[in-house]
Structure formats: structure tokens, C-alpha cells
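Thanks for coming. I will go through one structure this morning, starting inside a chain and ending where two chains meet.

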Protein chains: 2
Amino acid sequence: MEKAVLITIGDEILSGNTVDTNSNFIATELKNIGIKVTQILTISDEIETIKEALNVAFETGDLVITTGGLGPTRDDKTKKALAEYFNDEIALDEVTFNHLKGYMERRGRADILERNKEQAFVPTKSIVFQNHYGTAPCMMMELDEKLCYSLPGVPYEVKPLIKDQIIPYLQQRFSLHYIHTRIVSVVGIPESILADTIEDWELALPENIALSYLPVGTRVKLRLTASGENEEQLKQRTEEEIQKLLPLVEGHVIAVSEDKIENILAEMLTERNLTISTAESCTGGELAKMITSVSGSSKYFLGGIVPYATEKKIKILNVSKETVDQFTVVSEEVAQEMAKGCQKLFETHISLSTTGVAGPGKGEDGKDIGTVYYTIRINDKAETFKLYMPHLERVDFMNFVSQKVIQDLVSLLINS
Amino acid sequence: MEKAVLITIGDEILSGNTVDTNSNFIATELKNIGIKVTQILTISDEIETIKEALNVAFETGDLVITTGGLGPTRDDKTKKALAEYFNDEIALDEVTFNHLKGYMERRGRADILERNKEQAFVPTKSIVFQNHYGTAPCMMMELDEKLCYSLPGVPYEVKPLIKDQIIPYLQQRFSLHYIHTRIVSVVGIPESILADTIEDWELALPENIALSYLPVGTRVKLRLTASGENEEQLKQRTEEEIQKLLPLVEGHVIAVSEDKIENILAEMLTERNLTISTAESCTGGELAKMITSVSGSSKYFLGGIVPYATEKKIKILNVSKETVDQFTVVSEEVAQEMAKGCQKLFETHISLSTTGVAGPGKGEDGKDIGTVYYTIRINDKAETFKLYMPHLERVDFMNFVSQKVIQDLVSLLINS
């Protein structure tokens, strides 16, 4: 039991209406208990297609997890396909029906039970994992020691089903290999130069440690994945390899364990007892959101402001009108004054500011789309940077700039 | 030429490290020119696996697009697999090499050309589409009238390649069916009741118009996809069906064309000449970011604030200390005062406020995780709502609440 195949069912993914985030979540959870996802199949909601996909999936996987195609509306055919594939019948399951009844009643929706009753019909051979956050149950089927789970498609129903029920079940049932992952974040070296620099080290890695390059914006994440039976040994072996790697990329490493840049920042700020605030124009709140997405961020993030209109920058952050008139609102000078005003408003050690043109429309002052200035102010020292990213779409631009600002702050903190 | 299969290559997706957003983008772009994605295969970066996937893909697709597996590092094997699959050799392409040279020189990186030179090696039968935002070229192969495109994996390289080069090429080469999509957004009716309500209408839809239910939070998007040869006729036919649908769901429809809630809001605010501002605690900037993610939002969004620390709510938004002491910071009363202070600070017609406990840690005042109060203030009228979403993870919570706040504002505006 080591390989899993995920099947995502539903036209909303194929048509581009929805991004498939379930597969990402499930793959991560499975990886943590040593199960490797070898394929993800995204298919349409047709009985024959689903049966074919199950065939393909079981060729390589010992475990198949399907998501989607279990809702109460007529475009959902997964359950029928499952029953046909496993030579089974669909029948009303009393336990599931009672669970569903309770679920609906607690929500004061007993009146719509008729249509929902269909959801308590499951293949008779299936073992049901009850869904506490929705009406579609999760069904487990077994065939020749191979397992198939069928889940609904809504991410917030999928997450607890996987985390609280399926993962513990799999762990208990199978004795699984231990997996250890470490991520080293490198900045300031392009991927190709980095690959040259660490080639000898990479080729000398032991067989049970795999390396991947994961570029994120201007950062490259080097991921080491080690697998084996002895947890302690694995951790030690991985740490040894990282210690060999670090001198090769000296001065470019911003983290050796945490993965997300906002978590790396969280560690540093907490450790050094520093507080932070943000003043955003072109990032529109994304920077604050990224920082506050970390649990416990209220300890260091005191507040943020998005003074979108120029007059608000002047009024609330004390940016001088003369500076705006002389240099335009998208300028190094305005970024600096924003950071200064922000630091004062929120009384923090660190403040970050962004001002730029996210596009696709030109900025009011005629600056080119994709131009952004940002200031990082630590106590009474400020540094301002310029970025030019004309090829990014609006939301990607907001995200990229926010990532970069935090990344540069982390670099500054390391070297200070 | 109507069916496409997408192949996503790379262990970073299978391992759960990266969410596959490329497929979503490509599927949407193809749909717009009448090409339907019938399958998405996500596979690992192994030569045999890639060749097998190409086999499977060409069984059902006339067009195959692969992303990923073209970087300069050693875990990329796509190009070799392509050459083997198409019985071809890999050789240096002069045009691609010169393009690459120019690309690197413009970035002042002529020194790292040696490793990158590999990227100018392509299958000899391929037609190259040059990549203006990265070093991996896009290659097109053709076999028995079937087309295969191989793209890099970085989203901001994929987007312009698809949009500016591949889509125009496909449009020119094939005479494609016209596709027309409309989305009707329904709130306040659970999916199952909605399905019952419109069942007769749905069953009577003409064959060339397909209906899908896309639930997003507490909203259900009804998507009508019509395909045919005459653009005008299609539009008219779809509009007729929507006009039949509307009376069935009267009072519950918040939009009949725009898809994203922030775009629906954008239309309304622009039309009515209203301005808006935000004061966020538990959503941490996500609400502002969602509003500003719409191009042109600076016309109505004057600013936002994230007064994360309680003292900042008091100082900047004039929330009274007594209110906080009496009701705690996560309360209806504080939400109301935040919205009032926000409206005053930014001088807007509308202000939105959120205060809650995103978790996973308990709020400082002991309120349950997942509790949130939000106020929508329009001129001098304010309404406060409570939500309780204990099962959502932190980032999902921030996103769900922001969606819901905008959705409720839209409903209020419609009924005012």
C-alpha cells in the first residue's frame, strides 16, 4: 500500500470554472503518512467515463480517492458508476439516513428532506463515513485488497473527511513507511545557476532522499523528501545533507525548514519580538492578508491600511501633497512616506508599503503597468525597492509583489 | 477538432506542494473558442509515464496540451519523452537559441547561458512558439492531424503563451463552433430545493444548452452553456431561457451575467455612483483584496483598514473602550462601531466591517472559533449579521466570510 490515484469528477473543473484544490490537500495529507499520489485524473461526470477512470486508476494505484459528483442535483452520476463498477446495488442505508435527518434538522431544514433522501442511498457493500459538514456521505468500497473512497466535491467537506476519518483509518489499517520532508528556501540565485552550483551534492544524495526544485516567484524552494522505516535516522540523515548543502549556497538561504514565506516571517518576528504593519496601494490588502493568514499573527501584526485613493494617503498617512505632485503617487518618495506614516499610525517596529500600477488600466499618473515601488522600514532605517512586472495579471501581480516584499524583509532581517 | 486533453507534468503537483492553476486557465481559454477539455491528467516527471499519458490523451483528444517538465534542472524529462513519442530527435534550434540569448542578455545574465543552452534543444519536427517571459520554449508537434503543445509550468509564462500565441493559432487553423456561456447567481435557496424548483424548466432546455450547478459558499451559480454555429441565435436562445428561469427563482437572483461576486458588486457600485470602504479584523485584508482585484476598483473603493490589535480599533476607528469591555471585541456592537468609524475615516457611502475568530487558536476574549460578526453600512443605515463557520481552515474562513459579506451587500443593494 503505497500508491494512490486521485480522480476528480466534475465538469466545473474541466470547464475552467473551478480550480481543483482538493487534490492538493489530499496529496499533502497522504504524503504525510507515506502514501504517494502517482496520478490525478480529472474527468467528466459520465457513468462510462467514471468506470473507465476507475479501471485506469486501479492499474497503478492500491488506493483510489474520488472527489465530486455526489451532490443532490441531476448532473451527478458517480454513485451509479461506483455501484456498476463494483457489481453492486444501491439501497437506502438506515444509519446514513438517520445521520442525514439529524443533520438537516439541526439546520432547521426538515422540509427539503425528500430530495436529500436520495443521498442516503449508497452501494450496499460500501462502508459509509458520515459527513458532518454536508449532505453527501463518503463511501468506501473494497475489491481484492484495493480501496476506493468516494467523497463529495466541496473543499470544506473534503478536508475534515480526509483529516479526521480517512487518514486515521489508513494509518491504523496499514503499517506505513515514514516520510520526512524538509524545504530549503534560496533567494538571489536563478534556478539554472543554482542547479550548477549544487550539482555534485545532488548527485551524491543517498537513494532514499529525493530532491525537487520548486520555483516560487524569485525564490527557489529545494525540497528534500526522505523515506524509510526509522524516523529518527531519516531526520538525522536529512539534516546531515542540509548541513552539506548550506555552505554551497551561503548568503542566499532564507529558511531551512518552514515552507511558506509568511511562516518564515512569523518565526523571525516572534523570535525577535518585533511588531509589523502595512500600508498598501497596488497590493490592495493582499499583503496584510498574507501576513494574517498565519495563526497567531495578532501577536506581531498590529494593523494595516489600504489607502487606495490618493487623498487618503495624504490624510491618513501624512504623505505630503507636494511629494505626490512632484514625483507622482507611484514613486519611491511616496512609498517612503507611506511607510513612515504607517509606522507612526500603528506604532510598530517594522512597516511595509506598496504603491504601483496593477493594471490592466494605466495608472492615473501615466506610470507603466506593472511598476511598483515598495518600502521596508525597520525602526528608523528604510529601504525602497522597485519592481517591474508587466506580464502579470492583476491578481497574480498583487500576490507576486506581496510575496516579494515579505521575502525581501526576511532577507533584510537575516542580514541585520 | 473539439476535444482537448491537458497533461500536467510534475511531482510538485502530485506531492501537494503546488496547486495546479494552469489547467483552470487553459480550460477557460479553450472553452471560449469552443474547444472542450474532456480530461486532465496529472502525472509524474518520468519518460515512460509521459509517453503513456500521451497515448491515453490521444485516444480521446484531438489536441493535447502539456504543462510543466521543461525547466533547466535535472528533474525535467518531458522533452525526451516527446521526442521518443513522436519518433524524433532533439537538436539545437538556432532561432530558439538566438531568442534565448537575447532574452538572457536583456536581463544581464549572459554568464549562465551554458546550462540554459540546453533549452534551445527541441525535437526537430517541432514548431517553436517563443517564450517571452521565461527560458523554456513552447513546442508544437503534429501527428496524423493531431496536435500536441508542450508548455513550461510557470503560470505567468503559460498565460501569455496560451492567450497571445496558441489560441490565435487554433482559431485561425480551425473553424470552430461558437460557445456562449451565461451564469445566473442564486442566493438564499439550498441547491436541492433549487433543483426541485427549476426541474421542469431544466428538462425542457434545448439540446444545445447545458446546465450546471456550481455552489460557491452560500450561493449557487447556474451555468448555461450553449453551443452552435450562429452566434446571434445562440445568445438570443440563451436569453430566452434565462427569461423563463427568472420568475421561478424570483427574489433570489443577484446576477444574470457576471460570475464573480466582486465583479457583480463592481457593476452595481459603478452604475449607482457609490463609494465603499472596509474595516477588517478577522478577514485580515482579504475583503479589501477581493474588492481591489477588480480592474477599475479605484473608482469606488477609497480605502480599507485592518486594525488587527484592539487598541488600533479604538484609536483609529473610534470604537469605544467601554463597548469592547462590555461586549468583547468579537461582538455585534464592535462590528457596528467599526463600520461607523470606517465610513467616517474614508468618507464613503458604504462601509463594511468584520470582527471574528478565524482560529485555530481561540480568540483572546474566549469567543468560539469560527464566530464572526459583520456590519454593512449604507449611508446612515447599518445591518449586522452573525456567521458561525467552525469547520473552515483559517484561509478558507477569511475567504468565505469576505465572499459572504460582498454577497449580502449585493442583496441589500438590489432590494434597496
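Which residue is the bridge partner of A:Ala279 in E15(A)? It is A:Ser353. Before going further, note that this is a predicted model, in which local features need pLDDT of at least 70, side-chain atom pairs count only at pLDDT 80 or more, and totals for chains, interfaces and linings use all residues. Residues are numbered from 1 along each chain as its sequence is written, chains are lettered from A and ligands numbered from 1 in the order in which they are written, and side-chain values use heavy atoms, with hydrogens and water left out.

Strands here are DSSP runs of at least two residues, labelled E and numbered from the N terminus. Two strands pair if DSSP finds at least two bridges between them. Strand E13 of chain A, residues 276-280, runs parallel to E15(A), with five bridges joining them. E15(A) is also joined to strand E16 of chain A, residues 371-378, by seven bridges, and these two run antiparallel. There, A:Leu352 stands opposite A:Ile376.

Seven of the seven residues of E15(A), residues 350-356, are buried, so the strand is largely enclosed by the rest of the structure. Buried means under 20% relative accessible area, with a 1.4 Å probe and protein chains only. In a regular strand, side chains alternate between the two faces of the sheet. In E15(A) both faces are covered: A:Ile350, A:Leu352, A:Thr354 and A:Gly356 lie on one side, and A:Ser351, A:Ser353 and A:Thr355 on the other.

Now to chain B. B:Thr375 is in strand E16 of that chain, residues 371-378, and at 1% relative accessibility it counts as buried. Its side chain reaches the backbone oxygen of B:Ala335 at 3.4 Å. A polar atom of that side chain also lies 3.3 Å from the backbone nitrogen of B:Gln336.

Last, the interface. Contact, meaning heavy atoms within 4.5 Å, links 90 residues of chain A with 90 residues of chain B. Strand E14 of chain A and strand E14 of chain B, residues 301-306 in each, pair in the antiparallel sense over three bridges. In that pairing A:Ile305 stands opposite B:Ile305.

How many salt bridges does the rule find across the interface of chain A and chain B? There are twelve, a salt bridge being a side-chain nitrogen of Lys or Arg within 4 Å of a carboxyl oxygen of Asp or Glu. B:Glu393 and A:Lys163 meet in a salt bridge, at 3.8 Å from N to O.

Key: Helix = DSSP H or I, 4+ residues; strand = E, 2+ residues; numbered from the N terminus. Buried < 20%, exposed > 50% of the residue type's maximum accessible area, 1.4 Å probe, protein only. Polar contact = N/O pair within 3.5 Å; in protein donor to acceptor, adjacent residues only side chain to side chain.
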